[in-house]
Amino acid sequence: MLHTLARATALSWRGAGRGLAEHWGALKYTQALAGGRNSFLRLTDEGHRIADHYKSLQSGELGIGFALTLAEHTLRSRFPDHTVTIVPADTALRAGWALTSRDKGEKVRYRYRPRYFAEVWRPGEPSLVIPLACKGNHSDSATSAEQLASASAHAEAVHIGPWNETPGLLFSTQLPTDGGTMTVHALQAPGSAAGCSRRRSVRRT
């Protein structure tokens, strides 16, 4: 999970700098988590004692790590003999739109968008591209329900393939600070995005 988080949050530059960033990203939460094959994951005392201004960062980043790990595992199970690739949504969308005022090109006037795309593909076949929305919190299941509702607005910011046929995966990872175990809440939006080619562009709604 930590290696998935590291790859997902490192800046999109090649070379030794990115390798170091990924290495650090995989290390910085190793002492914040505890658990094993016969127990559920939970926050350690160090994970509980994190300074208040870092709690949001910790829950957000760990939420990404758990969500992407679960998404990859689920999609590989459902689509054997396929490759699953996780792509940052900003990287994909910047191929056709200016996402911020600093970018050149046609401006996007909708601030919501998914965090990542999962592409399920096999050479010679159309791809299935799934928007992913990943959130996390140090609170309770009620907060996760609110996060999932918010995540739906982000996932619905794009459509791929035939209208109203875009699938989606929404995640909210609950990391309680009262000693409870972690829980990943997930919702799936059905859809096939049938006929989506790897060369086909993603369109904004």
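Alanine 34 stands opposite arginine 42 of strand β2, in a model that is predicted rather than experimental, where local features need pLDDT of at least 70, side-chain atom pairs count only at pLDDT 80 or more, and totals for chains, interfaces and linings use all residues. Residues are numbered from 1 along each chain as its sequence is written, and side-chain values use heavy atoms, with hydrogens and water left out. Strand β1 (residues 33-36) pairs with β2 in the antiparallel sense over three bridges, and the two strands form a hairpin with two residues between them. Two strands are said to pair if DSSP finds at least two bridges between them, while the strands themselves (E, at least two residues) and the helices (H or I, at least four residues) are DSSP runs, numbered from the N terminus.

Leucine 43 belongs to strand β2, which covers residues 39-43. At 3% relative accessibility leucine 43 counts as buried, a word that means under 20% relative accessible area, whereas exposed means over 50% and partly exposed lies in between (1.4 Å probe, protein chains only). Apart from neighbours within four places in sequence, leucine 43 is in contact with Ala32, Leu33, His48, Gln58, His138, Leu175, Pro176, Thr177 and Met182, where contact means heavy atoms within 4.5 Å. From C-alpha to C-alpha, leucine 43 and tyrosine 29 are 9.9 Å apart in space and 14 residues apart in sequence.

Strands of a sheet pair through backbone hydrogen bonds, either parallel or antiparallel. In this protein, an open sheet of five strands runs in the order β3-β4-β5-β7-β8, with mixed pairing. At its edges stand β3 (83-88) and β8 (183-189), each with a single partner strand, so one side of each is left without a neighbour in the sheet. The twist from one strand to the next averages 25 degrees.

Within this sheet, strand β4 (residues 116-121) and strand β5 (residues 128-137) pair in the antiparallel sense over five bridges. Valine 120 stands opposite leucine 128 in β5.

## Helices α1 and α4

Two packed helices are described by the angle between their axes and the distance between the axes. The axes of helix α1 (residues 2-9) and helix α4 (residues 52-78) come within 8 Å and cross at roughly 110 degrees, which makes α1 roughly perpendicular to α4. Such axes are lines fitted to C-alpha atoms, for helices over the stretch in contact, and the angles run from 0 to 180 degrees between N-to-C directions; those under 35 degrees count as roughly parallel, over 145 as roughly antiparallel, 65 to 115 as roughly perpendicular and the rest as oblique.

On the α1 side, Leu2, Thr4, Leu5, Arg7, Ala8 and Thr9 meet Glu61, Leu62, Ile64, Gly65, Leu68, Thr69 and Glu72 of α4. By class, this contact of α1 with α4 has six nonpolar, four polar and three charged residues, where Ala, Val, Leu, Ile, Met, Phe, Trp, Tyr, Cys and Pro count as nonpolar, Asp, Glu, Lys and Arg as charged, and the others, Gly among them, as polar.

Leaving aside neighbours within four places in sequence, serine 59 is in contact with Gly136, Asn137, His138 and Leu175.

Glutamine 147 is found in helix α6 (residues 141-155) and is buried, with a relative accessible area of 16%. The side chain of glutamine 147 reaches the backbone oxygen of glycine 136 at 2.8 Å. Not counting residues up to four places away in sequence, glutamine 147 touches Lys135, Gly136, Asn137 and Ser172.

## Aspartate 81 and the whole chain

Most residues other than glycine have a negative phi, and most peptide bonds are trans. Aspartate 81, although not a glycine, has a positive phi of about 70 degrees. This aspartate 81 lies in the loop between α4 and β3 and is exposed, with a relative accessible area of 67%.

The protein has six helices and nine strands, and 40% of its 205 residues count as buried. Among its contacts between residues at least 6 apart in sequence, 65% join residues at least 24 apart.

Definitions and conventions. A polar contact is a pair of N or O atoms within 3.5 Å; within protein, one must be able to donate a hydrogen and the other to accept it, and residues adjacent in sequence count only if both atoms are side-chain atoms.
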